[in-house]
Amino acid sequence: MKKSLLWIVVLILSISMVAAFSFAGCKAKEEAVVEEEAVVEEEAVTEEEAPAETILVRFWNGFTASDGDILREIVARFNEENELGIVVEINIMPWDNMMEKLAPSLTTGTAPELILLDSEAVPEYAGSGGLIPLDEFWDWSGLDKGNYAQNILEPFVFEDVTYGIPMQCSTTYLYWNKDLFIEAGLDPEQPPKTFDELKEYAAKLTDLSKQQYGFAVANDSQSIAYFLWSNGGEWLNSDKTEAACDSPEMIEVLTMLQDFGKDGVTPIGMNSPDCDRLFTAGKSAMFIQGPWLINGLKQLGLNFGIGATPASNSGELWTPSGVCGYMVTESATEEGKIAAFEFIKYWISKDILKEWTLRNGFPAWSDEVIADEEVQNDPIQSVLGPLTQYGRGNIFPGMPEAGQIRDDYLNPLFEQLMYNEITPEDCARQLAEGINTVLGN
Amino acid sequence: MDVLKRISKYFNKQDTVAWVFLFPSILSLVIFIFIPLVASFGMSLFDVNIFLKDFTFIKFGNFAELMKDLRFWNAFKNTAYYAAMFVPPSIGFALAVAVYVQKNTLFRKSLRFIYFIPVICSMTAMGIVWAILLDPTIGMFAYWARILGFENIQFLKDPDLAMPMIVIMSTWKTFGVNMIIMVAGIQSIPKDYYEAAMIDGANKFKQFLHITIPSLVPTLGFCTVTTIIGSFLVFDQTYVMTRGGPMFRTETLAQYIYMRGFSYSPFRLGYASATAVMLFLFIAAITVVVYKFFIKKETIGL
């Protein structure tokens, strides 16, 4: 008995060791490949009499959708074209994973030099340290700050210090599947314009026997924010000290969303990428999302439309919008910081911003690009560009508590609502209580 | 020469040699187990976030808060629920399979090999595969369920079904370890016991009940204790397959620790450490109870 047990232990140990070594082997190989690539590039550069050393800029972001492919392409082009020996090593992972890796890596000084983050995260990270102030970027680059939209630059300023340079801005739009509209006898060029129409269309487009949903709703605070604002409601009072969301407007909106779930118009328990997949698979007729699916859907050849989200029945429309920006971490050396600046400067040049707008559908935010003829005549931009005016920014702008409110209260309570565990009235009340708890009331 | 002799004499002492050989393991134990253990005990008394900038000593403040934290108790309940559902089948199923595959024929040996394959696969990878299989729209299980006439089973998105699905997946993934240990245990039971029983007219079932099980008590004890400990630490599968949802119904203690400390702002490392200390105490208490139970069984016999 003892002897065979011993053998088993030996066996298990050796298996795990083999596994560990093979992992290590893989990693070593990968590294070797990366190094080789770097060496090749280095050689190419030396021929043109440029610096002998490469400067590595590690770059994390969460562009997992089809826009990430274009981002990768642009980074590769930068690596090839720059004459300073800068190599930007891009690493794309889901946003959640990135945020989880980021905090410990900032503490241990192993964070990448360059990251992309939503401006919403600025107060939190600026407060706890870890990000380098970027005020000097504008002087260093010699670029004209006035060329860029001020309301896009501002969200990155916290207590008068700039922590990020915008990469893109976006708001949310209604995507609809034209083929499913035709099947349901609706005009594919006439998406719903009001909440009532949305309800009506969604019901018509739902066919559970085919697992086809009319309007997919993600368990995401963004979904409520759009409906709430458009319905004339608010999250907070005007001086942001107290919750104001236990209101009739909120209850109306929550009732509507809960009914979508009850009626089978949307599957329940969906997150945002789930909704993307459902729409891409042709299983949902409508949903609301940022512009990052445009490129992928075009490539797939799906017959889809994109336009304004429906306004409330009184005609009001506000959508949450986000600005994503480049930030440099304290883990960067002086050399690494300047190298990261070079890439940011490359990004906010007219050509790159224009390319990003035309290929991905993200609205333009620099005067040069907005005025560009090609951008103005682009079929998607001519529709989406004007919608930027309905973007209202983040739900809790400039508040370090934003993440906590969302993770601890908004998303869990909204989930309970969709699973029909609480009434809209209770949900609205508990949301307000939760926000007040976090705000210390 | 004298020096060399003295060195060789020193290293020829049994104690010294033992320490030299143990050194690598002790080093990794100290660095990766003991230091973090002590550190997290210490940190649980502070209010500190992951950036480790401002340490505020708050004595047992974190623990007092934990006692009132509904999500902590929910996670505790989920973990206990998981353990209660996971441990009996992983032991019982492993035992049943072990009894069958313990004979050394080629076929049964290959079965042993096949059942062990999931064990050496990565839990994360298997979690992703199962999450796809269980997807209500594109998953294969949903497709089969529809063929059998069950419309619209949501599997991982159904609050009542999510945890059982994770238990099934985990059992499938891990029962091979217990099975192999039990096969070894069964094979080392002296054959004469069975011969004697056969002569006395005991049938297979009675042999199993009165010979196999009692002789296996030490093995079963070992398997049960390690499986219980493992089940209280469950993290990978819930994190990958459901991220604790729907409605925190699959959020386990280990995952709650991770969420509080590393995933949710304001990254409360002190609070997460306090939760970890509580988990440590639970596991220690349960292990002692179960261990004592088996020691008793071993000494007095079944």
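Let's start with one pair of residues: L174(A) sits across from I288(A), which belongs to β9(A). Their strands, β7 (residues 173-177) and β9 (residues 284-289) of chain A, run antiparallel and are joined by four bridges. Two strands count as paired if DSSP finds at least two bridges between them. Strands (E, at least two residues) and helices (H or I, at least four) are DSSP runs, numbered from the N terminus.

Before going on, keep in mind that this is a predicted model, where local features need pLDDT of at least 70, side-chain atom pairs count only at pLDDT 80 or more, and totals for chains, interfaces and linings use all residues. Residues are numbered from 1 along each chain as its sequence is written, while chains are lettered from A and ligands numbered from 1 in the order in which they are written.

Now zoom out to the open sheet of four strands, with mixed pairing and the order β8-β9-β7-β10 in chain A. At its edges are β8 (213-216) and β10 (304-307) of chain A, each with a single partner strand, so one side of each has no neighbour in the sheet.

Over in chain A's helix α13 (residues 334-347), 14 residues reach 20 Å from first C-alpha to last, close to the 20 Å expected at 1.5 Å a residue (that is, 1.5 Å times one less than the number of residues). Among its buried residues are F341(A), F343(A) and I344(A); buried means 20 or more other C-beta atoms, placed from the backbone, within 10 Å of a residue's own.

Finally, the chains meet: 26 residues of chain B are in contact with 29 residues of chain A, contact meaning C-beta atoms, placed from the backbone, within 7 Å.

How values were computed. Contact = placed C-beta atoms within 7 Å. Buried ≥ 20, exposed ≤ 12 C-beta atoms within 10 Å, placed from the backbone.
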